[in-house]
Amino acid sequence: MPVRRARVDAAQWRAFTAAVRDAGGRLLTLWASDVRDLAGGFLVRATLQDQQGLAVLELPLTESAPEYPTLTPTFPNTARMQRAAYDMIGVRAAGDDARPWLRHEAWPTNTFPLRRDFPAAHRYDIGTPAYPFVPVEGDGVHEIPVGPVHAGIIESGHFRFSIVGEKVLRLEQRLGYVHKGIEKRFESMTLGDGQRLAARVSGDSAVAFSWAYCMALESLCHTTLSARALWLRAFCLERERIANHLGDLGALGNDAGFAVGLTQFSLLKENVLQSNVAAFGYRYPMDYVIPGGVALDLADDVRTALLREGEALARDVASLRRIYDDHTGLQDRFIGAGRVEPALAARLGLTGLAGRASSQLWDLRCDHPSAPYNTLGVHMVSHRSGDVAARVIVRFDEVVESLRLCQQLLEQLPGGPIHSELGATPETGFGTGCVEGWRGPVLIALDNAGNIIRRCHAHDPSWHNWPVLEHAVIDNIVPDFPLINKSFNLSYSGHDL
């Protein structure tokens, strides 16, 4: 994928981002870095996608004036990223929401964990003052706080509902409770070891994050991979997409009172995960995609078994889809629930499968396909309704398309090595990798100092879609929130680095 990179001033920062928006482009991520030992200050970066590919803007800031023009009027989905940039680095978007986002009073307000002089081993005991949620007042309005602790293994997140009668008037989220210090941990790792941590940013997207990291590292080292390695990576990525969609389709049926759907789709997902062990060595292939290629080749007998499995899975999914489509109770719960109109989706930057269910026609496998997707003819799945029903339809259609791609990848798998040696590591450099994961675009931006990671920014598409969930539940009843929430199925872990 073509990547341009430009150092800009504040006026160019505003003008270029507005031009990308006006031309129909989108913002992928925004983050900040401490470069005081290199350039005397800080660096704010934004990655955007337009018809030419990716564009990385770099805006230098001085230590004495670490403030930059906010991008929220142009791209509202930058609001939480800008708040996180302040929490972690101490650079402020002028006029932005000043409430903390990731900090949660785990460190003092004048201390910033991603600054290079931050004492990572130090512990703070500063209490937990109340977070200033936006109050909603009026006759008949009451609040329902949910979380941050939830049942089972669900990660931590707080949802503050303002209710009138039976309907949701407003939802405000607070996330960041499972902040793990991943970006700080990257800074003490070698370039080769970084892949293992990237794969664990969000476990259900291990392949996507691994590939994005390796893509960034391989671009940094000017390394060309073999065709076989790239095809095996794509096959693994599509298997990850299939497994997650199967799990979600079962959970959505269960949340609508159709437990049989959960049972059947859970069985299909389990079969896929068990087959992953023979193909990749892992149920969830966290360490299959490695710098320079993949860790394990695909034996001929395993390939034959996977082809047969794909054919059987396609039949089973088609049968279950007919049941879902014909089930009046399911469709009554799905249709109209959690609707995000295309215009609102475009304004808020809704991305990935949820975006495509609201007519946002973005898919990196089609927009700017890298090998092997440039030869596969990927069909982009989309819908206009933007409700739970549309997100279910997109999942079904994407399973069918991914099964087709897997068959093509297996039948036409080229020969050759599965690994290439990395090229020489530059003294300092910058590389990016971007992959269409099952939720949407996963991005890694990598700075190095010799063989050591200087800064690694990992971006999950959930950053874009969590704010849209607040709008999707408006005018729905509270009991429909679990169903609407599951139809997005966003990552806490990928958000709370």
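Helix α8 passes helix α9 in a left-handed crossing. A crossing is called left-handed if the near helix is turned anticlockwise from the far one by less than a right angle, and right-handed if clockwise. The model is predicted, so local features need pLDDT of at least 70 and side-chain atom pairs count only at pLDDT 80 or more, while totals for chains, interfaces and linings use all residues. Residues are numbered from 1 along each chain as its sequence is written, and side-chain values use heavy atoms, with hydrogens and water left out.

Helix α8 spans residues 259-280 and helix α9 residues 300-326. Helices (H or I, at least four residues) and strands (E, at least two) are DSSP runs, numbered from the N terminus. Two packed helices are described by the angle between their axes and the distance between the axes. The axes of α8 and α9 come within 11 Å and cross at roughly 170°. Here axes are lines fitted to C-alpha atoms, for helices over the stretch in contact, and angles run from 0 to 180 degrees between N-to-C directions. The two helices are therefore roughly antiparallel. Angles over 145 degrees count as roughly antiparallel, under 35 as roughly parallel, 65 to 115 as roughly perpendicular and the rest as oblique.

Contact means heavy atoms within 4.5 Å. On the α8 side, the contact includes Phe-265, Leu-268, Val-272 and Ala-279. Their helix meets α9 residues that include Leu-306, Leu-313, Val-317 and Tyr-324. The contact residues divide into 11 nonpolar, 4 polar and 2 charged. In this scheme Ala, Val, Leu, Ile, Met, Phe, Trp, Tyr, Cys and Pro count as nonpolar, Asp, Glu, Lys and Arg as charged, and the others, Gly among them, as polar.

Helix α9 also packs with α14 (388-411). Their axes lie 10 Å apart, at an angle of about 165°. That makes α9 roughly antiparallel to α14. The crossing is left-handed. Among the α9 residues in this contact are Arg-303, Leu-306, Leu-313, Val-317, Arg-321 and Tyr-324. The α14 side includes Ile-393, Phe-396, Asp-397, Leu-403 and Glu-411. By class, the contact of α9 with α14 has 11 nonpolar, 2 polar and 4 charged residues.

Helix α7 (227-255) is another partner of α9. The axes of α7 and α9 come within 13 Å and cross at roughly 25°. That makes α7 roughly parallel to α9. Helix α7 passes α9 in a left-handed crossing. Phe-235, Arg-239, Ile-242, Leu-246, Leu-249, Gly-250 and Gly-253 in α7 meet Leu-306, Glu-309, Leu-313, Val-317 and Tyr-324 in α9. This contact divides into 8 nonpolar, 2 polar and 2 charged residues.

Helix α7 also contributes to the largest pocket, giving the most to its lining, with 5 residues. The pocket has a volume of about 1,000 Å³. It is lined by 31 residues, of which Ile-154, Lys-486, Asn-489, Leu-490 and Tyr-492 lie nearest its centre. Elements giving two or more residues to the lining are β8 (158-164), α7 and α16 (481-488). The lining divides into 15 nonpolar, 9 polar and 7 charged residues. On a 1 Å grid over the protein atoms alone, a pocket is an open set of points with protein on both sides within 12 Å along at least five of seven lines, a cavity is a set where a 1.4 Å probe fits but cannot get out, and lining residues have an atom within 4 Å of a point. Grid points are joined across faces, edges and corners, and a volume is the space filled by probe spheres set on the points.

The structure holds 4 cavities of 30 Å³ or more. About 170 Å³ of space lies in the largest cavity. Of its 19 lining residues, Leu-30, Ala-84, Glu-183, His-457 and Trp-463 are the closest to its centre. Strand β2 (26-34), helix α3 (79-89) and strand β14 (452-459) each give two or more residues to this lining. The largest share, 5 residues, comes from α3. By class, the cavity lining has 13 nonpolar, 4 polar and 2 charged residues.

Several backbone features fall in loops. The peptide bond from Gly-147 to Pro-148 is cis, with omega near 15°. Pro-148 is in the loop between β7 (141-146) and β8. The Ala-371 to Pro-372 peptide bond is also cis, with omega near 5°. Pro-372 is in the loop between α13 (364-367) and α14. His-104 has a positive phi of about 50° although it is not a glycine. His-104 lies in the loop between β6 (92-94) and β7.
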